[in-house]
Amino acid sequence: IFEYIHSRAEQTGGTMAFPGDEERGAFFFQYLGCKQCHSIKNKGGSIGPDLTNIASNVKSDNELAGTMISHAPYMSEKAEMQKLYWPRLQGNEIAHLFAYLKSLIK
């Protein structure tokens, strides 16, 4: 995620631009199986935290990305224990998921 953020910042002259679409992000959240573990507004899985609360408590894009990155090792371990698929995200999928998570703050 941080590689993507930094590459976008370099491409846009230092500004943080996230061209993601929140509707596509909602689709990827479902399609990639995120909803199997995480819930949004108490709908979805209960293995991981409800992401509405997490998204609502962050103050910036960097903080949201940092929260996701710092949680990744725990999430990876948990997925392996549960024998769950660990998705490999492409840049545009990350942007769409990020836009979706940011939309939860509204």
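**Notebook: disulfides, buried polar residues and core**

I searched the whole structure, a predicted model, for disulfides and found 0. I took a disulfide to be a pair of cysteine sulfur atoms within 2.5 Å. The sulfur of Cys34 has its closest cysteine sulfur in Cys37, at 8.5 Å, which is too far for a bond. Cys37 counts as buried because its relative accessibility is 16%; buried means under 20% relative accessible area, exposed over 50%, and partly exposed in between, with a 1.4 Å probe and protein chains only.

**Conventions.** I number residues from 1 along each chain as its sequence is written, and side-chain values use heavy atoms, with hydrogens and water left out. As the model is predicted, local features need pLDDT of at least 70 and side-chain atom pairs count only at pLDDT 80 or more, while totals for chains, interfaces and linings use all residues.

**Overall layout.** I noted 6 helices and 2 strands in the protein chain. These are DSSP runs numbered from the N terminus: helices are H or I with at least four residues, strands E with at least two. Along the sequence the pattern reads α-α-α-β-β-α-α-α. Of the 106 residues of the protein chain, 32% count as buried. For contacts (heavy atoms within 4.5 Å) with a separation of 6 or more, residues 24 or more positions apart account for 59%.

**His38.** I placed His38 in the loop between helix H3 (34–37) and strand E1 (39–40). His38 counts as buried because its relative accessibility is 7%. Its side chain reaches the backbone oxygen of Pro49 at 2.9 Å. I use polar contact for a pair of N or O atoms within 3.5 Å; within protein, one must be able to donate a hydrogen and the other to accept it, and residues adjacent in sequence count only if both atoms are side-chain atoms. Beyond four places in sequence, the contacts of His38 include Phe29, Lys43, His71 and Met75.

**Asp50.** I found Asp50 in the loop between strand E2 (43–44) and helix H4 (51–57). Asp50 is buried, since its relative accessible area is 11%. Two backbone nitrogens were checked against its side chain: that of Thr52 is reached at 2.8 Å, and that of Lys41 lies 3.4 Å from a polar atom of the side chain. Not counting residues up to four places away in sequence, Asp50 touches Ser39, Ile40, Lys41 and Asn42. Asp50 and Lys35, 15 residues apart in sequence, are 9.7 Å apart from C-alpha to C-alpha.

**Glu93.** Glu93 is in helix H6 (residues 91–103) and touches Phe28 and Arg88, residues up to four places away being left out.

**Nonpolar core.** I define a nonpolar core as buried Ala, Val, Leu, Ile, Met, Phe, Trp, Tyr and Cys residues joined through side-chain atoms within 4.5 Å. Of the 14 residues in the largest one, Phe29, Ile40 and Leu104 touch the most other members. Helix H2 (22–31), H4, helix H5 (61–82) and H6 each supply at least two residues of this core; its largest share, 4 residues, comes from H6. Beyond four places in sequence, Ile40 is in contact with Phe29, Asp50, Leu51, Thr52, Tyr100 and Leu104.
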